[in-house]
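I hope they are handy.

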Amino acid sequence: MNPTLATVLTIFPNSPRPVASDLHLVPGDLKGNLTIAAISANGTISIFNNAGTVEVVIDVLGWYS
């Protein structure tokens, strides 16, 4: 993670972006998180970072159909 500023991350399938966030971070955080998120019709997700820069690693564990 290693965010440069306090921020929130939101994962969502497509616009509009939801108001709720999935992860709250402060500078230097290294956190893991489980998020169940829908994917768009073309199989993609969007990740919104509110402030600064942050490294994100996404691991797809499975999906529902």
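1. Let me start with contacts along the chain. Of the contacts in the protein between residues at least 6 apart in sequence, 58% join residues at least 24 apart; contact here means heavy atoms within 4.5 Å.

2. A word on the basis of these values. This is a predicted model, in which local features need pLDDT of at least 70 and side-chain atom pairs count only at pLDDT 80 or more, while totals for chains, interfaces and linings use all residues. Residues are numbered from 1 along each chain as its sequence is written, and side-chain values use heavy atoms, with hydrogens and water left out.

3. On secondary structure, the protein has 0 helices and 3 strands, and the order from the N terminus is β-β-β. Helices (H or I, at least four residues) and strands (E, at least two) are DSSP runs, numbered from the N terminus.

4. For overall dimensions, the C-alpha atoms fill a box of roughly 35 × 25 × 15 Å along the principal axes. The protein exposes about 5000 Å², and carbon and sulfur atoms supply 58% of that area; accessible areas come from the Shrake-Rupley method with a 1.4 Å probe, and for residues only the protein chains shown count as cover. Buried residues make up 17% of the 65 residues, where buried means under 20% relative accessible area, exposed over 50%, and partly exposed in between (1.4 Å probe, protein chains only).

5. Please look at the start of the chain. Met 1 lies in the segment before β1 (7-12), and Met 1 counts as buried because its relative accessible area is 17%. Leaving aside residues up to four places away in sequence, Met 1 touches Leu 9, Leu 23, Leu 25, Asp 29, Leu 30, Lys 31, Val 54 and Glu 55.

6. The definition asks for a side-chain nitrogen of Lys or Arg within 4 Å of a carboxyl oxygen of Asp or Glu. A search of the whole structure finds 1 salt bridge. Asp 29 is buried at 17% relative accessible area, whereas Lys 31 is partly exposed at 39%.

7. Now the nonpolar surface patch: Ile 39, Ile 45, Ile 47, Val 56, Ile 58, Val 60 and Trp 63 form it, with about 710 Å² of accessible area together. Patches are made of residues with over 30% relative accessible area and no salt bridge, joining like charges within 9 Å and nonpolar side chains (Val, Leu, Ile, Met, Phe, Trp, Tyr) within 5 Å. Ile 39 sits in the loop between β2 (23-25) and β3 (46-49) and is exposed at 55%. Ile 58 belongs to the segment after β3 and is partly exposed at 43%.

8. What sits over the ring of Phe 48? The charged end of Arg 17 does, 3.7 Å from the ring centre; the criterion is NZ of Lys or CZ of Arg within 6 Å of the centre and within 35 degrees of the ring normal. Arg 17 and Ile 58 are 41 residues apart in sequence and 19 Å apart in space, C-alpha to C-alpha.

9. One last thing to check is the backbone: the peptide bond from Ser 15 to Pro 16 is cis, with omega near 0°. Pro 16 is in the loop between β1 and β2.
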